[in-house]
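Welcome! Take a moment to look over the chain below, and then we will walk through some of its features together.

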Amino acid sequence: QVQLVESGGGLVQAGGSLRLSCAASGRTFGSYPMGWFRQAPGKERAFVAAISKSGGSTDYSDSVKGRFTISVDNAKSTVYLQMNSLKPEDTAVYHCAARNSRGYNTWIAYPSVIDYDTWGQGTQVTVSS
């Protein structure tokens, strides 16, 4: 069983930066594809970024491409989301997720909510204008 705990959220002005962390425990972290998603009030959970098990493939939503970067440190069992040039529309609760209960392609960065099995509780990001 894998447990995920996000941290690093907070309040930032537009144009600022934050780095989110997702610490995993319970199983060998480096064995799974990972993703970041966000959910704003009244909206469905939406894809932000994903990284393949190999770490060699990444994917981003069009709204964050060029501003956000996903990375993984297997030695620390942690996945990161570096967020730069933040906008008010980036305000949401950010969740990390692991695809840990089914098969996967080592080189695919999975971009959908239904692709993942385990979720963290989320961390709030608020961007003021």
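Here is a short tour of the bonds, cores and strands in this structure. Keep in mind that this is a predicted model. A search of the whole structure finds one disulfide and five salt bridges.

**The disulfide**

- A disulfide is a covalent bond between the sulfur atoms of two cysteines.
- Here, cysteine 22 is joined to cysteine 96, with an S to S distance of 1.9 Å.
- This pair links distant parts of the chain, since cysteine 22 sits in strand S3 (residues 18-25) and cysteine 96 in strand S9, 74 residues apart.
- The link of cysteine 22 and cysteine 96 is right-handed, with 55° about the S-S bond, and both cysteines are buried.

**The nonpolar cores**

- The largest nonpolar core has 28 residues, and Trp36, Leu81, Met83 and Tyr94 touch the most other members.
- Several strands each supply at least two residues of this core, including S3, S9 and strand S4 (34-39).
- Another core of seven residues lies apart from it, with Phe37 and Tyr110 among them.

**A pair of strands**

- Strands S7 and S8 run antiparallel and are joined by six bridges.
- Four residues lie between the strands in the hairpin of S7 and S8, where serine 77 takes a positive phi near 50°.

**Salt bridges**

- Aspartate 90 meets arginine 38 in a salt bridge (2.9 Å, N to O), and this pair links parts of the chain 52 residues apart.
- Aspartate 90 also meets arginine 67 in a salt bridge (2.8 Å, N to O).
- Aspartate 90 lies in the loop between S8 and S9 and arginine 67 in the loop between strand S6 (58-60) and S7, so their pairing ties together parts that are 23 residues apart in sequence.
- Salt bridges that share partners join Arg38, Arg67 and Asp90 into one network.
- Is aspartate 90 buried or exposed? Aspartate 90 counts as buried because its relative accessibility is 1%, under the 20% cut-off.
- Arginine 67 is buried too, at 11% relative accessible area.
- Elsewhere, aspartate 62 forms a salt bridge with lysine 65, their closest N and O atoms being 3.4 Å apart; aspartate 62 is exposed, with a relative accessible area of 69%.

**A look at alanine 92**

- Alanine 92 is in strand S9 (residues 92-98) and is buried, with a relative accessible area of 2%.
- Among the residues that alanine 92 touches are Arg38, Gln39 and Val125.

Methods
Residues numbered from 1 in each chain as written. Predicted model: local features only at pLDDT ≥ 70, side-chain atom pairs only at ≥ 80, totals over all residues. Heavy atoms only, no water. Buried < 20%, exposed > 50% of the residue type's maximum accessible area, 1.4 Å probe, protein only. Contact = heavy atoms within 4.5 Å. Disulfide = S-S within 2.5 Å. Core = buried A, V, L, I, M, F, W, Y, C linked by side-chain atoms within 4.5 Å. Pairing = 2+ DSSP bridges. Salt bridge = Lys/Arg side-chain N within 4 Å of Asp/Glu carboxyl O. Lists of a residue's contacts leave out its neighbours within four places in sequence.
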